[in-house]
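Visitor: Hi! Could we walk through this one together?
Guide: Happy to, here it comes.

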Amino acid sequence: PLDQRTRQFYKALQTKLNPGGLVAFNVNRHARDAEDLRNISAAFAQTYVFPLSHQYVVLGSTDAPRIADAELERRGRELDRQFNVPGISFHAVSKFLQR
């Protein structure tokens, strides 16, 4: 279960999100990374986990309905345009979540 400080942190973070907003976490792979992923998933209505070679990118949303695949792709393309991170394509990573 989430400890009290972790719960408080996630609740405070959620108050900063706009409706439909997402928060992103970079979780490095380590012995207890599964616990970290469970804690994030327990705190947010929806989570999206993108496994990469040495870490996970985890998106948390307070929106109860799951984001549609086309919207995930749109947001991924927008993140690519906004941040232009060498070697990372948010649009390509969005393919992991498609049903």
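Visitor: Which residue in E3 is the bridge partner of Val 23?
Guide: In E3, Val 23 has Gly 60 as its bridge partner. Helices (H or I, at least four residues) and strands (E, at least two) are DSSP runs, numbered from the N terminus. This is a predicted model, where local features need pLDDT of at least 70, side-chain atom pairs count only at pLDDT 80 or more, and totals for chains, interfaces and linings use all residues. Residues are numbered from 1 along each chain as its sequence is written, and side-chain values use heavy atoms, leaving out hydrogens and water.

Visitor: In what sense do E1 and E3 pair?
Guide: Antiparallel, over seven bridges; two strands pair if DSSP finds at least two bridges between them.

Visitor: And which side chains of E1 are buried?
Guide: Val 23, Phe 25 and Val 27, which point to one face. Buried means under 20% relative accessible area, exposed over 50%, partly exposed in between (1.4 Å probe, protein chains only).

Visitor: Switching to H3, which residues are buried there?
Guide: Asp 69, Leu 72, Glu 73 and Gly 76. Seen down the axis of H3, the buried residues fall within an arc of 100° (directions from the helix axis to the C-beta atoms), so they line one face of the helix.

Visitor: What does the face turned away from that buried side carry?
Guide: The exposed residues Ala 70, Arg 81 and Gln 82.
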